[in-house]
Every structure is written in structure tokens, then in C-alpha cells.
Amino acid sequence: MTHPSKPCDDFRLLAESLPDGIARYDRVGRLTYRNKAYRRLDPDLRALAVTPTVDGANLAKSTLYDQLRTAIANGTPGAIDLCWQDAAGQTQHVELRATPELNAAGEIDGVLAVARNISKQRETQRQLCLLKFALDHVTEAIYLIDENGRLLHVNDASCRSLGYSYAELMTMSVFDIDPDYSSNDWNQHWQQMLHTGSRTLTSRHQRKDKRLFPVEIRAARFEFDGSIYNFALAQDITERELAEQAARQRQNEFTTLIENSPDTIARYDRNCRRLYSNASLIRLAGMSAEQMLGQRPSEYNLSNSALAYEKALLTVITSGEADEIEHTWPAADGRTLCSHLILTPEFAADEQVTSVLVIGRDITALKESERRLRQAEAMARLGHWQWELSSGKKVSVSAEMCRIFGKSADWQPKINQVFSMILDEDRKPLLKAYRDACERKETELTLSGYRIRIAKQVLHLHTHICIEYGQEGKPRRLIATTQDISELKNYESRLQEMAFHDSLTGLPNRILLGERLNHCLERATRHGGTLGLIILDIDRFKEVNDTHGHDLGDLLLHEAAERLRRLVRDYDTVARLGGDEFAVVLPNIREAADLGSISRKILDVLAQPFQLGSQEAFISASIGIAVFPSDGRTATELFQYADSALYDAKDRGRAGFRFYSAELSAKSKERAMLELALRRAETAGELEVFYQPKIDLANGRLVGAEALLRWRHPSFGMVQPDKFIGIAEDTGLIVSIGAWVLNQACLAARRWNESGERRLKIAVNLSSRQFRDNDLVATVLRALRLTGCKPAWLEFEITESLLLDDNKEIGVALKAFRDMGISIAIDDFGTGYSSLAYLKRFPINVLKIDRSFISDVMLDRDSTELVKGIITMAHSLRLELVAEGIETEKQELFLQAHGCHLGQGYRYSKPIPGEAFERLPQMLNETQPRMFPALDRDAAKPDAATLQ
């Protein structure tokens, strides 16, 4: 027979089968029952059991007891959350609900407690909070969007970028924030997302204040719980678009710069023939633009470099890929240039290469430096390390860090080992910087340029440290990267060396010389000392370069620098100012006269032969000297005065030295004043061309004239040519002035010859500077074209020294003039390095016997024989002769008797303006048999002012 169960038994049976913990507490909080689930929550009953005491002190401290007491006292159910660590060290979260139990009398007899383990829910909730925290700290705006475009979730970046609150955005859709999107656009976007899974696009978002800003959106599709969502990251690209706009502006500026670039620019067709040349290339090549067109590189200069150039052009045309080469070629001024060329293919619409654009930069001056300096390594050596301060003194380092420190890959050093490798003088500043950063609670610290010693090698390191702090505010972890910057430091040192030293000789340059001179002047001023500044210039160094080549010329400069360095004292300074110019600062000299002795030693040591490879060279030098404090008290004054003395030494024949004097300053100021005035003379209309007739000595007829430059200044009056021609040569003004004289002479030749009644040939003097610094052939062709002058009406006079330069370009120009029909005359023949060789090698038509021989022809037997010899030689070479400086009838008769063809001088006329020339008798009457009567010898004066 089965007995009915008691209610208590039923309760226990039910409680033991429930997953939640069930417990009963009596009126004083004693645990009277707990089921299995309750025991599993807290096997030791350290958290869920209550052990009251008589005074209740322990109960007062118990959160559980407080809840039980509330339920017992008030009969009010309640719930609390309990948290503790179990025996395994895991954190347990329990939700406990306390409900009062009543007895039959309705009195509170105890409390029923139901406990549920909510640890997993809490962990899930924590993870969700962590995820939201992470999303809210992403810099891009994040949007979770459903199929209809509604916003389901956004992060803080979205709220900040749009200016809405989270609650506001949760009521909005894509169409509210993107004015460019319609429902059709969204449907197309959604379909594409379904097809591809992701896409990237640009659009515009609208802020709450109605302002628009551009965004780049990266959208991805994902499915969850049977639904499809769009997850989008939107990045504000306002700054990027501004940067792109700025880049386009820079591109336009760059294009303008290229079009006006001093670099050479050329374009070639598919046959490697030149389609275009810019002004820089035309100038360096010494050809006209028309001559440059249609040429291949090898047609300008047949060399291995030119052939390699053409091969590179063909490779670019065939492959369609850009290329870079170095090309060596001769310039018009005789220099051999090295250009770095960038060959870029240009494509047609069918993607076929139609032409190649070539941009060249002159790297001749850099080649020597490139050979001595290596480029810095493309990639830096970079290692990283980490130090957990709480774990002890060991540092975790990467393999690259081990290589930097010269250790094996498994090296795990202690921190004191690392510090011991730092040089003593760097260790203390490093530690101080670290402590200061920690005191200021800085999270980043950069340590640059400190040194460590690896065996016998010292390395320079750069370290960047991220500092993490614990709750107590002390550093707990250092994470850092360390880079070996030793090569960078060495490179900086070399750049420093190059900034203050001459790369060829290793001597101090002008900048360092100025600093040392100022320092010496301060000491000399303070101690009352005497100081000397010597500036020296190697005489005619250009001839050394032209004869031996630029490489051997550089070798000579280097050897000259060494000789100067060995000659002076240790505390003297020898510097190279540039080109072939040197300077010496000599402090603490006893008296100025000592500088003369030193200058003689310098001249003697430089006069010794220089061995340049298998060749030998001899040089001389000119020296200028200025003395502190007698000549000047500042570096500027001493440089200026020593330079003036140097020019005086050159004017006195070179190969000597001169001390500065006040007279030199006056001459220097006069020269500077004339130079300034001369620069304005042409545009101010102050220049004139005078003409001195040439007479046929056989019949006395006028056959031509020599065009001579004159300068009529409003304040200085008529400035003699020997005062300003040298200035024009030195400054290069002779190029433009010479072109102006040529134009005036061409106009006069046309005016006097176009009637056909007579044929006058006008002689024009040409300067060596015009050949060197200008496309002279193009200048002549332009003058002939603009004036209508015929080449046969012109004669060009050049000096013998010009032919001795052995410049191929001069020979090419003279041949071009001969082919045009222009005569070439050697001026002042017999005064220079007269040579039959150049008379045969160059297209010479006329010899002009210098006036110095004519003036002595009846007085000095040597002059007489020399003139007779020149006449005989000219006849044998079938050259026309012109005698300059004829003043007397006896001179004329002598020259007639010995077969001189033409004469020129004061016997016939001094140089006169063109208007006066046109009023000469034979210009007015062609039939007059002799042009001029004999002039009184005493009234005749030689014309010493001719354009050289």
C-alpha cells in the first residue's frame, strides 16, 4: 500500500530536479535546506551561506543577510546580484531572489531563495559592451543597414560626422543622410551587393546643419539569423580631395616649369629623328633650331655614346616603357658634357608609341662627387623590443634587433646589459630623458643619435618608445623600435664636409675661408696683430684645359693646392675660391714685407713643372695682396682690395704679385662705373660706328672701310675704345655690342653698294667671346637677312690668338662664313704667334700688316725686311694685303713698290661717322682718279682706338 507523500517530500523532489539553486533560510538567516544546484553554485558555502552571531555583527556585513532580513521584516520579495571567485579562481555571477514564506498563522516563518547562475549572460553582455566600445573608437563611421535602407546601428564616429545623436539616427534611413541616393539607387546598390558581396564607392553625406561632405564608402553584405544586412564603413575624404586638388595644381605648375626648364628637352619620331629641341639644347649644341630638326643623335656626333642613345630610343619605341641613360656629348663651347636622360614614350589613341620625349640634365659637375659618395641604403635596419618592467630585468628583442647589436637571434638580454653598451657620455642624458618623460606621464619618447659600442665599432641609434603605465601611475611596459642611423650620421658628416670644403682639392671653400678670416681678424684686432690676405689666379688656365683636357686640368688644380698647402704654416688657411682662383690667409705676420717673400715662394713653387700623367705642364700665377690693418679692417674690404691688386698684377703682364694701393681702388671704381654705364649705352643710343677708308694703293681708289666702334657718353664725352673694349670682353657685353656693330655695318654696306655704282667692302672686327658665347653663324645670317646686305660686301677681321685656341667650332664658323662669300682677314699680323700652319688650315683671304711695322718701315731695317717678308709670303699664298697706319707718302710709295695691295691710315682719313664718310670725294664722284691728296706728316696722328 502506497502512502501519500508529504508536502515537504514533494518540495524536495521538485527542488532537486530544478536547474536553479533552491535554498531555505529560517527567521534568523540560518540555511535550513539547499538543493544540488545550489550546492554546485557554492560548494563551500563561502558566499551563499549566512552564519549569524548573537550580536548580528557578521549579519550586518552580509549583502545576502540584508536581503533576507528585508524579506523577513517586511514580507517583501527582492533580488540581488552576488559576485565571487570560486575555488578554481573563476568569477561567478549569481542572481538571487528572496521570497518570504508564511506559516499557517500568516506569519513569516522563513525565506525561500532561488539562485540562478548568470555568469554567461554577464560575459556576453561584457563582450557586447567591448564590441560597442571598439566600434565607437573606430575612426571611420560605421552603419548597419537593412534591406530597406533603414539605419539599425551606428557608432560614435557616425554621430560625430553627421551631427546627430544615436537616437536620432535610429529613426533615419540612408536617404536622410545621403542626398545623392534615391530608392532606385539603393535598389541597384542592394542588388549589386547581393551579387558581389562588397563594393567601394564615393558619395556625399549631409550633416544635420545641411552641410555636405564627400565620403568613401566600403560596403559589405552579411547574413544573420536568416536576414541580410549591409555593413558600411564611411570615411570623410574632404582632406583627400583637397590634397588631390592641390596635387593637380602642383601638376600644372610643374608643367609650366618644364616648358621653361633649363634642362635640355627633345622629341624624337619612330625613326629616331629629332622633332623638337628646346632653347637649352640648341644653345649647348651651337646649332640653329632648323639645323637640329631631322637629326639623329649619331648625326650630331658619331660616338659610342650617341649610338647607345639611339639604341635606347629604339628600345623605348619598341617596348613602350620609359628608360634612363647617361649620354656623353660635345657642346658648342668645346666642353664634353654628361647628361642624365629620361626617355618617356608618347602614345597615340591606338596605344602605339608615336614619339619619345627626352629630358636631359647636365650632371657633368656632379660626376666626380658621385664617384666618391655612395648613395645611402634604400632600406633602413629597424628592430623592435619590449620590456615588461613587472616581470624582471629581461628584455624581449626581435631578430633584427639582435643583428643591430651584433648578437645571435636567440639573445634575450637583461636591461643592464643593453645599458652597458651605450657610451658613458650618452647614457646619463638618455636615462634623464626617460625619467623626465615618466614624471610628465608622457606615453611616447624619442631618443635620437645616441651611440653604442659593438666590439671596436660605434653605432648611432634612433629609438622610439611607447610607455604604458599601470594603475598606480608607474611604467609597466615599454614597447620600442630601434634603428641603426650610423650611415645617415656619416652621410650628414660628409655633407657638412662638402658644404665647407672644395670637392676637388679638399681645401676650405669661400664660406669656410670667410669664417676663418673673420676669426683671425677678431684675434688680430684684440691683440694688435698684422694679417695678410693673398688671392692668386693661375694664368691662362683655360689653355691648360684646352691642351690637356679638363680631367688633367683638375689634376693640376689638385696638385697646385697640395703645393700651396705644404708651403704655408699649419695655422695659415689655403682655400679654393672657385675655378683657378685660390686664397691664403696669413695671421700673425711680423710685417707686410714678409708677404712679398711668401708670394715669391708661391710663384717659384708653382713655376715647377706639373706631371699630368704622361704629360708635363708649366704654369704661372698672378697674386694680389691686402694687409690688415693698413689696407682694410673688414673681410669685405680685404677681399675687395686683394682682388684689385690681383687685376693690377694681371694688367702688368701676369706671373707676379702686387700689393694693394689706393690708386687701385680708384681704377677699380672707374672700371665699375664704366661697366655700369656701358650696360646702358646701347639702349641709350650712345654707341656709334665710325668708318676708316681703305684705299687701293695701285690707283688710289676707295675700295672699302673698317667699321670701328665709338662711345659718346653724355658725361664722360668720347670714351676711347681701349677704356671700354676690355670691359665689354670681360663681362660678355661684347656679344650684344658686336651684333649691334655688325647690323650697323651691314646697313651701311647695303646703302653704299645697292646702287651698283661702286663696290665697297666693309670690314668688321670679331671678338673671341662672340665665337665662344654665341651662335655667331646664326647671328650673321640674321643680320644679313634683316638688313639685305650681301655677304660679298663684308669682311671679318680676327686676331691670330683666336686661331691658336685650336677650337673646332671656330674653324666650322670660319668655313661657314667663307661658304657664304664673306672674306676673312687676320688683323695685326706679325705681332702675335704668326704661323704658316693656320694660314693653310683656316680659310684666310686677307692679311693686315700691323701699324707698328708700317710706322718704322723707313726708319728701322728690321721692320723694313719684316714687311717685305710678309708681302712676299702673302703673294706666294695668294692672300690680299692691307697695310694699317699709313701716314706719309714715303710709306705709301714703299708699300706700292713692294706690291702691297691696300692701305689704311691717317694719310687718307681718320675714322669718321657714316654721314661724313658719305661726303668723301670719291663717294660723291666715282670718276675721280685719286681719292685724297698727300697729307702733312706732322698733322697725321695714328688711330690707336680700334675694336680688338
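The structure is a predicted model. Across the whole of it, a search finds 12 aromatic pairs.

**Helix packing**

- Two packed helices are described by the angle between their axes and the distance between the axes.
- For helix H21 (residues 541-548) and helix H22 (residues 550-567), the axes come within 7 Å and cross at roughly 135°, which means that H21 is oblique to H22.
- Helix H21 contributes Phe-541, Val-544, Asn-545 and His-548 to the contact, while helix H22 contributes His-550, Leu-552, Gly-553, Leu-556 and Leu-557.
- Of the residues in the contact of H21 with H22, 5 are nonpolar, 4 are polar and none is charged.

**Aromatic pairs**

- Tyr-300 and Trp-329 form an edge-to-face pair, at 6.2 Å centre to centre and with 65° between the planes.
- This pair links distant parts of the chain, 29 residues apart: Tyr-300 belongs to helix H13 (residues 297-300) and Trp-329 to strand S13 (residues 323-330).
- Tyr-300 is partly exposed, at a relative accessible area of 24%, whereas Trp-329 is buried, at 7%.
- Phe-796 and Phe-817 have ring centres 5.0 Å apart and planes at 80°, so this pair is edge-to-face.
- Phe-796 lies in strand S32 (residues 794-799) and Phe-817 in helix H31 (residues 808-820), so the pair ties together parts 21 residues apart in sequence; both residues are buried.
- Tyr-691, Trp-752 and Phe-917 are linked by ring pairs into a cluster.

**Charges over rings**

- Arg-563 lies over the face of Phe-610, at 3.6 Å from the ring centre.
- Lys-650 lies over the face of Tyr-647, at 5.7 Å from the ring centre.

Methods
Residues numbered from 1 in each chain as written. Predicted model: local features only at pLDDT ≥ 70, side-chain atom pairs only at ≥ 80, totals over all residues. Heavy atoms only, no water. Axes fitted to C-alpha atoms, helices over the stretch in contact; angles between N-to-C directions. Helix = DSSP H or I, 4+ residues; strand = E, 2+ residues; numbered from the N terminus. Parallel < 35°, antiparallel > 145°, perpendicular 65-115°, else oblique. Contact = heavy atoms within 4.5 Å. Nonpolar A, V, L, I, M, F, W, Y, C, P; charged D, E, K, R; others polar. Phe/Tyr/Trp six-rings, centres within 6.5 Å; stacked < 30°, edge-to-face > 60°. Buried < 20%, exposed > 50% of the residue type's maximum accessible area, 1.4 Å probe, protein only. Lys NZ or Arg CZ within 6 Å of the ring centre and 35° of its normal.
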